[in-house]
2 protein chains.
Amino acid sequence: MLDLIAPLVVSNTTKIVLISSDGLGGLPDPDTGRSELETARLPHLDRLAARSACGLIRHVAPGITPGSGPGHLGLFGYDPLTYRVGRGVLEALGIEFDLRAGDVAARGNFCTVDAQGVITDRRAGRIPTEVCVRLTERLRDIRLPGVDLFVEPVKEHRFVLVLRGAGLDGRLSETDPQALGKAPLAVHASDPAAARTAALVNTFVAEARRRLADAAPANMVLLRGFDQLPALPRFPEVFQLRPAAIAAYPMYRGLARLVGMEVLKTGSTFADEVATLREHWEAYDFFFLHYKDTDKAGEDGDFAAKVEALERLDGFLPAIEELRPDVLVVTGDHATPAVLAAHGWQPVPLLLWSRYCGADAVAAFSERACSAGSLGLIASQHLMPLVMANALRLTKFGA
Amino acid sequence: MLDLIAPLVVSNTTKIVLISSDGLGGLPDPDTGRSELETARLPHLDRLAARSACGLIRHVAPGITPGSGPGHLGLFGYDPLTYRVGRGVLEALGIEFDLRAGDVAARGNFCTVDAQGVITDRRAGRIPTEVCVRLTERLRDIRLPGVDLFVEPVKEHRFVLVLRGAGLDGRLSETDPQALGKAPLAVHASDPAAARTAALVNTFVAEARRRLADAAPANMVLLRGFDQLPALPRFPEVFQLRPAAIAAYPMYRGLARLVGMEVLKTGSTFADEVATLREHWEAYDFFFLHYKDTDKAGEDGDFAAKVEALERLDGFLPAIEELRPDVLVVTGDHATPAVLAAHGWQPVPLLLWSRYCGADAVAAFSERACSAGSLGLIASQHLMPLVMANALRLTKFGA
């Protein structure tokens, strides 16, 4: 798809705003039969839907629940089945670690082992984050020949391990046996080219065990999701856009940086994000705005909180429309139905407004209404071509 | 797709009419909120839509604006991303040049160069077509070893260059630097197999320059879009149909001939085309009818003219229905919304009538109405299988 698009791209001065309301899609409340979007009072989104082309986005494939990584890569135009990002890399992006090409990253857990070295708690009793910070300091100056080592705390028992140096390879098995009563596993290279990296990681684990011997319950580490940065075509080059990402949460800044967007400094609220958008309106022509509250409420299983989060988002629409973008898109990276209290596989409502979007009969922004929209049910990686077309930034294919 | 269909095809005596209204799809007039189709009075198309299965056709991919080549190949059953037709070939088809397998065709421009050989006008001031005709005569008898050469005038500064002979290869770079102030480029082979063809083209260009030295402003040529006829499965064999193409414009006759349809002699109006259809009704079982006026009005940005063109098309429907086709399809090769004054990426309305088409709630032939149709939003190359099924010309897949 990107190979098809890139040669068709032309530049102009149009401006595009893509709002990703995280976990946007929902499911009906069993008592009312209405989803979060159908329950919320959304005068601005409904008005916009009536003037927009609407549809549904499917992020990976029918029945597949997307994580935040694949969910956003799709919105950015990358087929999430082609461009895969491993857990270690996502974890590093999530703390905005400056991961570089060739680095090998892994997700780490502090865990508890007994005197025989057998795991008794895979999460070390979810130690407080402050303890995690102190323990990563013990591991940080472990020396490995020919590589730089980074051990970065995340939250509670979680940390990120990064190896940096020439010739590293992330094709490694995991040390976490995913069960109690077993000893952590040695790392194996799943490709011969990764043999040296496997040996380095095993050296690190042995030394970590020595340094943590007196730190029970966090007296050992488990490592999984080894990976390296994928080779992604750069968004600004493929689409010839000056893209800016505005996101309060580090994971989404990391994902935007991964594809080459410029990440703008912003505050911790969506009001801050909209202010940042207004401030930088002239300097960029593509803005990715991330709204987290819908996902958080959905993950908590809090239907009413998700309805309120949607209504708050709705209230910001006029301030964004006031900037007069040429293309305005509202959608999400995946569903997070409150009744699931987790990410869902359901397609996500999509609203796309431009002067050339055409009309359909949809006059409300909800899963049910958008399913009758003129955009139909599209794969997430097809959104960017549609956006580009509506911005008059694509020439025709074939004479 | 064609590999799936071909073994399922069975013959019978049903008759199919496919009307391609060029540039059919439109966009709402900002003042009225109604598209060209929604503005036009279309009693016959609306009546037919009410009895038909309706939907939308997407020709290439979301957001991609199709040219006439990919647009029609899709309607004929060929995935336009798999079967690509280069600009040189399309240009040759557009003047109904009898292009043969192995021929290398290129689009040519007469241009102006200064005493240093630097381009000062890429279109030679758009010389009148009569001048173009005279200048192509100067170039036509250039001799190249082992190949026949054709230099055919098109319109204004444009011409087609065709090399015919054994072992030619169209994988060549262009001579047009697409900028003023630069000299035309030498042709390079982008594959080693094309080295000899590159040398031949460079010899042609050097000789053309000599022969045009006194012909300012048209004192040099630029060549681009080198290509050879693609190897397309033949329509009559894949679908076991006796297909006839009825089109007043040479480009569409050329595209039909490209897939192996028989091209019927007809006049310059759609009334002539319908008369030709009636005359040849017994001799064929698949008729491709091309209606150009909708595209022309759209390209001119003339909303009212497009509305009138649609109403004229509507008026011809009864004469076509009188022939009692078993399957009648009305759709288009791409949208040409008057508000864009150009081809658009929007899906195109589709109406398919047969005794077995099923019913849906659509009772008007427009973008908005058809988006709620039972055929949904389909890829253009899926139309022919649907048509064949409705003609009872496909057996089941699997026992």
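The legends below describe close-up views of a predicted model. Local features need pLDDT of at least 70 and side-chain atom pairs count only at pLDDT 80 or more, while totals for chains, interfaces and linings use all residues. Residues are numbered from 1 along each chain as its sequence is written, chains are lettered from A in the order in which they are written, and side-chain values use heavy atoms, with hydrogens and water left out.

**View 1. The contact between chain B and chain A.** Chain A gives 26 residues to the contact and chain B gives 28, where contact means heavy atoms within 4.5 Å. The two chains bury about 2,000 Å² between them, 71% of it on carbon and sulfur atoms; buried area is the accessible area (1.4 Å probe) that two parts lose on being put together, summed over both. In chain B, the residues that lose the most area to chain A are B:Pro62, B:Ile64 and B:Trp345, together 27% of what that side buries.

View 2. B:Leu168 is found in the loop between β6 (158-164) and α7 (195-211) of chain B; helices (H or I, at least four residues) and strands (E, at least two) are DSSP runs, numbered from the N terminus. B:Leu168 is buried, at 9% relative accessible area; buried means under 20%, exposed over 50% and partly exposed in between (1.4 Å probe, protein chains only). Leaving out residues up to four places away in sequence, B:Leu168 touches several residues, among them B:Leu163, B:Arg196 and B:Leu200. B:Val147, also touched, is 21 residues from B:Leu168 in sequence and 8.8 Å away in space, C-alpha to C-alpha.

**View 3. Cysteines without a disulfide.** The count over all chains is zero disulfides, a disulfide being a pair of cysteine sulfur atoms within 2.5 Å. For A:Cys132, the nearest cysteine sulfur is that of A:Cys111, 13 Å away. A:Cys132 is buried, at 0% relative accessibility. The sulfur of B:Cys357 is too far for a bond because the closest cysteine sulfur, in B:Cys54, is 8.4 Å away. B:Cys357 is also buried, at 14%.
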